Amino acid sequence: MDLATVLLLHKSSFIVGAICFFYVRWRSGATPGLGVLAVGFTLLAIASTLAGWDESLHMSDNARTFWSFSLGANGYGLMTVGLFGLSRRQNSLRDWWPLLLPVILMLSAAITPWYLNNGLRASVFNGNATILLAVSGFVIARDFFHERLTARLGLSASIWVATSLSALVVVGFIFPNDAPLPPRYAFFLLIICHFAVALFVLVLVQERAEEKLIRLANTDMLTGIPNRQHFFNSLPKILGPGDAFVLIDIDFFKRVNDMYRHDKGDVVLINVARTIARSAPSSCVLGRLGGEEFSLFFRGQTAASAFALAEQVREAVHALVFEGNQVTPSVSAGVALWEAGLTEQDVQKRADQALYIAKNKGRNRVELFSSVGLTCSVLAPEPLPARAG
C-alpha cells in the first residue's frame, strides 16, 4: 500500500472519530471529555492532511512539517485530556497536564529546527503518542473498578494496542535493522486502532445511557432507594428456609403532611427511607412499595434474627428528629418467615398481617407472625405524646 493511501486512511480515521464525537456530544448534551476528544481528533486529522500535501499548499516545507508535527503532538495531548474527562465523567482543570509534553516539544521545535530530521521527528512524535496513550489506557482501566462497563475493557485494550504500536514505530526508526515490526506496518495497524478507540468511546457513552435508564426505572425518584418494581424483580423465584419479609410503615405520616405540609412530609419520608437503607444489611432486598410503606427481604434468617433486624431498623428511625424535636418519626413493622407450602404472596400476606397487629397495638413496634399464635412481639417504648410521626 502506497504512502498516499496510508495517509488518506490515517486522516480518515480521525475525521470519522471527530464527526462522531461532535455528533454524540450534540445529541447527549455536555458529556465530559467528548468535546475535547473531538478537537483532539480534528487536530490529528489536520496534521495528517498537512503531512500529505505537496507544494500546492503554498506553504514552505519547513512550515508544513512544523505545523504537522505540532498539531499532531497536541492532538494526542487533547485526546488524552478528553479520555480523562470521559473516564472520570467530569471536566477538571487538573486533567489538562498531558498537554505539557506536546507544548514543550512544540516550543523546542520552534526554537531549534531539529524536527527537519525525518527519523528524529517521527521518533519524537510517536514517543509522545506512546506516553500519552499509555497514561490514557491506565486511567481507563483503573476507573473500571468504579464503573464496571464492558466498553471500558474494549476501549482500554484498543488504547494499549495503539500504545504498543506507537512504541514499535519508535523502535523501528531507532533500530531499523532489529525492529520486530517495520514502522510502515505498525503505522497502518495504528489506523485500525484509531477506529477502534472511536468505536469504543461511542459504545461507552451508549452503555452509560442504558445504565442510567435502568437505574431510573428501578429507583424511587423521591427517596432515591429502589422502587416497588426493583424490589419484586430482585426476589428469588423460589423461596426456601430462612427467607423472611419485613413490611414497614411510617406511623401517623398523614399527620405530618397535614401539620407541616407536603414539602416537610417529603423531608421526613426521604430521611426515613435513607435511614432504613443504612440500618438494613447490604445483602437484603429493599424497596419502597408506595406511599409511606417499605419492604425488606432477607435470606438465611431465623425468627429471632429477622426480628432483631427489623427492630434495629425501628430504633434507627425513632432516633430521627425534625422541626426542632417537634417531629420524631416512628415505624411499625411486620415480620414473616417462609414455611413449607407457602408462596411468596402467602409470606407477604403474613408480614402484612403482623404489621396490622403492630399498628393496632400502639405502633412503634415490631410484630413477628407466628403460625401458632398469629404474632409475637417485641415491646417497644410507647409513642411519646409529643410525637407527630
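Visitor: Does Asn 126 count as buried or exposed?
Guide: This is a predicted model, so the values here are computed from it. Asn 126 lies in helix α5. The cut-off for buried is under 20% relative accessible area. Asn 126 has 7% relative accessibility, so the class is buried.

Visitor: Which residues does Asn 126 touch, leaving out those up to four places away in sequence?
Guide: Contact here means heavy atoms within 4.5 Å. With residues up to four places away in sequence not counted, the partners of Asn 126 are Ser 166, Val 169, Val 170 and Leu 190.

Visitor: Are α5 and α6 roughly parallel or antiparallel?
Guide: Their axes lie 8 Å apart, and the packing angle is about 160°. Angles over 145 degrees count as roughly antiparallel. The α5 and α6 pair is therefore roughly antiparallel.

Visitor: Is the crossing of α5 and α6 left-handed or right-handed?
Guide: Two packed helices are described by the angle between their axes and the distance between the axes. Handedness is a further label. For α5 passing α6, the crossing is left-handed.

Visitor: What about α3 and α7: are they roughly parallel or antiparallel?
Guide: The axes of α3 and α7 come within 12 Å. They cross at roughly 20°. Angles under 35 degrees count as roughly parallel. For α3 and α7 the label is therefore roughly parallel.

Visitor: Which residues of α7 meet α3?
Guide: The crossing of α3 and α7 is left-handed. From α3 come Tyr 76, Met 79, Leu 83, Leu 86 and Ser 87. On the α7 side they meet His 194, Val 197, Val 201, Leu 204, Val 205 and Arg 208.

Visitor: Which residues touch the most other members of the largest nonpolar core?
Guide: In soluble globular proteins, nonpolar side chains tend to be buried together. The largest nonpolar core here has 40 residues. The members touching the most others are Phe 21, Leu 37, Phe 41, Tyr 76, Met 79, Leu 155 and Val 201.

Visitor: Which helix gives this core its largest share?
Guide: Helices α1, α2, α3, α4, α5, α6 and α7 each supply at least two residues of this core. The largest share is eight residues, and it comes from α7.

Visitor: Which residues does Met 79 touch, not counting those up to four places away in sequence?
Guide: Met 79 is among the residues that touch the most other members of the largest core. Residues up to four places away in sequence are not counted. The contacts of Met 79 are then Leu 37, Gly 40, Phe 41, Leu 44, Leu 133 and Val 197.

Visitor: How many residues are in the second core?
Guide: This core is separate. Phe 253, Tyr 260, Phe 298 and Leu 368 are included in it. The second core has 34 residues.

Visitor: Is Met 259 buried or exposed?
Guide: Met 259 is found in helix α9, residues 253-279. Exposed means over 50% relative accessible area. Met 259 has 53% relative accessibility, so the class is exposed.

Visitor: What separates the C-alpha atoms of Met 259 and Tyr 185?
Guide: Along the chain, Met 259 and Tyr 185 are 74 residues apart.

Visitor: What span does α10 reach from its first C-alpha to its last?
Guide: Helix α10 covers residues 303-318, which is 16 residues. At 1.5 Å a residue, 22 Å is expected. The model is close to that, at 23 Å.

Visitor: Which residues of α11 are buried?
Guide: Helix α11 has 17 residues. It reaches 25 Å, close to the expected 24 Å. Its buried residues are Val 347, Gln 348, Arg 350, Ala 351, Ala 354, Leu 355, Ile 357, Ala 358 and Lys 359.

Visitor: What phi does Arg 363 have?
Guide: Arg 363 lies in the loop between α11 and β5. Its relative accessible area is 26%, so Arg 363 is partly exposed. Arg 363 is not a glycine, yet its phi is positive, at about 70°.

Visitor: And what phi does Arg 89 have?
Guide: The place of Arg 89 is in the loop between α3 and α4. Arg 89 is partly exposed, at 47% relative accessible area. Arg 89 is not a glycine either, and its positive phi is about 60°.

How values were computed: Residues are numbered from 1 along each chain as its sequence is written. This is a predicted model: local features need pLDDT of at least 70, side-chain atom pairs count only at pLDDT 80 or more; totals for chains, interfaces and linings use all residues. Side-chain values use heavy atoms; hydrogens and water are left out. Helices (H or I, at least four residues) and strands (E, at least two) are DSSP runs, numbered from the N terminus. The expected span of a helix is 1.5 Å times one less than its number of residues. A nonpolar core is a set of buried Ala, Val, Leu, Ile, Met, Phe, Trp, Tyr and Cys residues joined through side-chain atoms within 4.5 Å. Buried means under 20% relative accessible area, exposed over 50%, partly exposed in between (1.4 Å probe, protein chains only). Axes are lines fitted to C-alpha atoms, for helices over the stretch in contact, and angles run from 0 to 180 degrees between N-to-C directions. Angles under 35 degrees count as roughly parallel, over 145 as roughly antiparallel, 65 to 115 as roughly perpendicular and the rest as oblique. A crossing is left-handed if the near helix is turned anticlockwise from the far one by less than a right angle, and right-handed if clockwise.
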